[in-house]
Amino acid sequence: PATYATLHGVIWSHLAARRLPAAWWEHESGPPLPVIDDVLEGLLAEPETFVRIDPKADPETGLYWLYDPRGAAGPLSDRIEVAILGELQRAEVIHELELEARLCAAFPGAQTPDRRLILSSLGSYASEDAPGQWHLRPEDSLPARQTDLSEVRRQLEGLGVRLGYEVRSTGFIEWVDPDGDVRFVFQVQDTAAIGEALAAGVAPPRVVVLPGGRAALVAEKERRDPRLRAWLAAGGRFVKFRHIRRLAGETTLQIDNFESRLGIDPPEHADPQLPLL
């Protein structure tokens with residue numbers, strides 16, 4: 001979702017690059033700027049094309065998004081996260097300024113990432129050896145994370161069977177009750193990517209399971225993207241690998257208390273203690 005100012009800047013930059021406003025002086029009644037502004041406001045007000053998030057009376061407030069987002073690229077924050085991870089995987093040590101230059105070249109114009117998002121992504125995967133010099137943490141190497149993913153998937157499958165569900169394991173892990181209804185969908189991943197979960201919605205209840213090191217990055221994406229805040233408010237959840245391990249080891253876990261136990265370790269908490277049962 002984008003602000004009015006961002007859309008305005010992108011549109012005028014695109015028109016100016018094609019030298020279109022100059023020609024419009026001869027055909028429009030008055031300067032091109034107010035004419036194009038009026039057209040833009042009219043387009044953004046079309047309810048079957050755009051939706052407005054957190055709107056107020058002024059059309060320049062709130063954020064604009066697509067009424068039908070099918071075909072849109074994934075969230076910019078996800079694409080930047082993946083790009084940073086790729087850079088960390090290719091080099092033993094990466095310099096912050098060099099990384100920023102590469103990102104600015106890969107994401108030009110309005111997509112240029114801000115420093116806060118870059119640092120959140122770096123901190124999610126890497127350690128800073130010296131000021132401005134980062135290296136991928138050993139636990140975030142591809143072999144280590146593949147091992148973690150396999151282990152957590154096995155634990156979720158075993159936990160589902162133990163609680164009396166039928167477990168279906170394809171791309172996701174589904175827990176199905178005796179009536180054939182899917183009670184939980186677990187999306188196990190090693191990144192903080194949110195695009196797939198946002199597109200899927202929250203019915204049936206979806207739980208994104210990820211490493212604890214992604215918590216701060218998820219919080220940053222929640223701050224930036226009102227769609228993620230809405231997804232969480234509607235019942236979507238993020239749960240850490242370590243919490244699934246804890247639940248798998250609980251002998252008193254039952255169907256009736258599983259959902260409440262699942263919410264004990266939200267991503268923004270560093271290391272909560274489980275209450276004694």
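Pro204 is partly exposed, because its relative accessible area is 31%. Here buried means under 20% relative accessible area, exposed over 50%, and partly exposed in between, with a 1.4 Å probe and protein chains only as cover. This is a predicted model, where local features need pLDDT of at least 70 and side-chain atom pairs pLDDT 80 or more, while totals for chains, interfaces and linings use all residues. Residues are numbered from 1 along each chain as its sequence is written, and side-chain values use heavy atoms, without hydrogens or water.

Stay with Pro204. A cis peptide bond links Ala203 to Pro204. Its omega is about -5°. Pro204 sits in the loop between α8 (195-200) and β10 (206-210). Helices (H or I, at least four residues) and strands (E, at least two) are DSSP runs, numbered from the N terminus. Gly235 comes 31 residues away from Pro204 in sequence. In space, C-alpha to C-alpha, Pro204 and Gly235 are 9.8 Å apart.

Now step back to the whole protein. It has twelve helices and eleven strands. Its C-alpha trace spans about 80 × 50 × 30 Å along the principal axes. Of its 277 residues, 37% are buried.

The phi of Arg19 is near 60°. That is a positive value in a residue other than glycine. Arg19 belongs to the loop between α1 (4-17) and α2 (20-24). Arg19 counts as exposed because its relative accessibility is 68%.

Next come the charges. Side chains of opposite charge can pair when their charged atoms come close. A salt bridge is a side-chain nitrogen of Lys or Arg within 4 Å of a carboxyl oxygen of Asp or Glu. By this rule, the protein has 24 salt bridges.

One of them joins Arg214 and Asp140, with N and O 2.5 Å apart. Arg214 is in the loop between β10 and α9 (215-224), and Asp140 is in the loop between β6 (133-136) and α7 (142-162), so the pair ties together parts 74 residues apart in sequence. How accessible is Arg214, buried or exposed? Arg214 counts as buried, because its relative accessibility is 0%. Asp140 is also classed as buried, at 3% relative accessibility.

Move on into helix α7. Asp148 and Arg145 meet there in a salt bridge, N to O 2.7 Å. The two are three residues apart in helix α7, so about one helical turn separates them. Both Asp148 and Arg145 are buried.

Glu151 pairs with Arg245 in a salt bridge whose closest N and O atoms are 3.3 Å apart. Glu151 lies in helix α7 and Arg245 in helix α11 (residues 241-249), so this pair ties together parts 94 residues apart in sequence. Glu151 counts as partly exposed because its relative accessible area is 25%. Arg245 is partly exposed as well, at 30%.

Leu156 is buried, because its relative accessible area is 0%. Val218 is 62 residues from Leu156 in sequence. Their C-alpha atoms are 22 Å apart in space.

Asp177 is buried yet has no salt bridge. The nearest side chain of opposite charge is Arg183, 4.6 Å away. Lys and Arg count as positive, Asp and Glu as negative; His and the chain ends are not counted. A polar atom of the Asp177 side chain lies 2.9 Å from the backbone nitrogen of Asp179.

Asp38, Glu41, Asp58 and Glu60 form a negative surface patch. Patch residues have over 30% relative accessible area and no salt bridge, with like charges joined within 9 Å and nonpolar side chains (Val, Leu, Ile, Met, Phe, Trp, Tyr) within 5 Å. Asp58 lies in the loop between β2 (50-53) and β3 (63-66). Asp58 counts as partly exposed because its relative accessibility is 40%.

Methods: Accessible areas come from the Shrake-Rupley method with a 1.4 Å probe; for residues, only the protein chains shown count as cover. The place of a charge is taken as NZ of Lys, CZ of Arg, CG of Asp or CD of Glu. A polar contact is a pair of N or O atoms within 3.5 Å; within protein, one must be able to donate a hydrogen and the other to accept it, and residues adjacent in sequence count only if both atoms are side-chain atoms.
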